[in-house]
Amino acid sequence: MANRQINIENLTMNEILKSMHRLGGQVTRKEICEDIHDNSNTISEDEVDKIKVSKKTGNKYSPFAWTLNYAIKYLIMTGYLTQDGRLLELSEKGRNVDLSSFDGARDVRPVVEEMLEKQKQGKASDSEQSNIDDSDDSDDSDSDEIEEPWRQQLLDALIKMNPKKFELFCRGLLTKMGIDVDEEKGVQYVADGGIDGFGYVCSDDYRTTRVALQAKRWQVKVSSPEIDKFRGAMDKFNAEFGIFITNSDFTREAVKTAREGTRIITLINGDQICDLVAKYNYYVEPVTTYRLKDFYLDKD
């Protein structure tokens, strides 16, 4: 079990660097996780999505989130990444790494183990100690992004809504997003647990674009055949692009299918629904709170 965890951490270090290069070098953990979910050829989407229940607390948690955080910690310790608040950045070393030959098991793991052993023996140099200290909190610095109860409460509420209320939610959210929903061809509830609709988007240069809309309330991921069917609805409305919303998520193949062809389909999953609800304060109320720093918690 320990060897498997070490192996997945090593693979994740490789994927983190590839992801950060794809995304421009300055990203959040959440953005890295989403990119690995959609684009990694090494780590499966099932591995990223896996949820377990703690035997100790009974709470749900994401094993990959912990793996990702430890992999990031090791990359910070060895100088490939830096961290500024919530943002992770590629260092000069990270920007110039040869991704085709980089190997976390070879290039990072032995260095980290040596640093931790020196720390244990109290012999770490000042520079090494600084890197270790800087990374000490990296594995839980985004814990409130990983565990925000209101997000799951929102998704649970959506799946329980009656059809009329769900339609109202979708119509309101689409309007907040700047879409003028057509009243005649507008949002209508359909038998498979979702809605279909049609609307218009007016850009800053007064160019109006036709958009087909679909939202599905599903317990499972939306697969690529559903994206293909939605393209048929786009043809029906002569839409120039489409927006497909789900409270769950999309398979990796669905993401690829949405990007194919001449008309791209924008995919919005449950996590992004939560982001949009927060962005537009749509039936939510922001709450300010505080978290005590170590000064109050240290036993000195």
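**Note on the predicted model**

1. Start with helix H13, residues 252-259. Arg252, Ala254, Val255, Thr257 and Ala258 are buried in this helix. Their cover includes helix H2 (29-39), helix H3 (45-49), helix H12 (224-237) and strand E11 (265-268). Just after H13 comes Gly261, with a positive phi of about 80 degrees. Keep in mind that this is a predicted model.

2. Glu226 sits in H12. Is Glu226 buried or exposed? Its relative accessible area is 13%. Buried means under 20%, so Glu226 counts as buried. Leaving aside neighbours within four places in sequence, Glu226 is in contact with Lys216, Trp218 and Phe244.

3. Now the whole chain. The protein chain has 300 residues, and buried residues make up 42% of them. It holds 15 helices and eleven strands. Its C-alpha atoms fill a box of roughly 75 × 45 × 40 Å along the principal axes. Take the contacts with a separation of 6 or more: residues 24 or more positions apart account for 61% of them. The chain exposes about 17,600 Å², and carbon and sulfur atoms supply 49% of that area.

4. Next, a sheet. Three strands form an open sheet in the order E1-E5-E4, and the pairing is antiparallel. Strands E1 (26-27) and E4 (81-84) are the edges, each pairing on one side only. Helix H4 (residues 63-77) packs on this sheet and touches E4 and E5. The direction of H4 makes about 105 degrees with that of E4.

5. Look at how E4 meets its partner. Strands of a sheet pair through backbone hydrogen bonds. Four bridges join E4 to E5 (residues 87-90), and the two strands run antiparallel. Which residue of E5 is the bridge partner of Asp84? It is Leu87. Gln83 stands opposite Leu88 in E5. The hairpin of E4 and E5 has two residues between the strands, and Gly85 takes a positive phi near 65 degrees there.

6. Salt bridges come next. A search of the whole structure finds 20 of them. One joins Glu114 to Lys118, with the closest N and O atoms 3.6 Å apart. These two residues are four apart in helix H7 (residues 109-121), so about one helical turn separates them. Both ends are partly exposed: Glu114 has 44% relative accessibility, and Lys118 has 27%.

7. Glu167 is partly exposed at 22% relative accessibility. Arg171 is partly exposed too, at 22%.

8. Arg171 also meets Glu183 in a salt bridge (3.7 Å, N to O). Why does this pair tie together parts that are twelve residues apart in sequence? Because Arg171 lies in helix H11, while Glu183 lies in the loop between strand E6 (179-181) and strand E7 (188-190). Glu183 is exposed, at 66% relative accessibility. Elsewhere, salt bridges that share partners join Lys30, Arg151, Asp271 and Asp275 into one network.

9. Last, the surface. Leu292, Phe295, Tyr296 and Leu297 form a nonpolar patch there. Together they have about 530 Å² of accessible area. One of them, Leu297, belongs to helix H15 (residues 294-297).

Note on methods:
Residues are numbered from 1 along each chain as its sequence is written. This is a predicted model: local features need pLDDT of at least 70, side-chain atom pairs count only at pLDDT 80 or more; totals for chains, interfaces and linings use all residues. Side-chain values use heavy atoms; hydrogens and water are left out. Two strands pair if DSSP finds at least two bridges between them. Contact means heavy atoms within 4.5 Å. Axes are lines fitted to C-alpha atoms, for helices over the stretch in contact, and angles run from 0 to 180 degrees between N-to-C directions. Buried means under 20% relative accessible area, exposed over 50%, partly exposed in between (1.4 Å probe, protein chains only). Patches are made of residues with over 30% relative accessible area and no salt bridge: like charges are joined within 9 Å, nonpolar side chains (Val, Leu, Ile, Met, Phe, Trp, Tyr) within 5 Å. Accessible areas come from the Shrake-Rupley method with a 1.4 Å probe; for residues, only the protein chains shown count as cover. A salt bridge is a side-chain nitrogen of Lys or Arg within 4 Å of a carboxyl oxygen of Asp or Glu.
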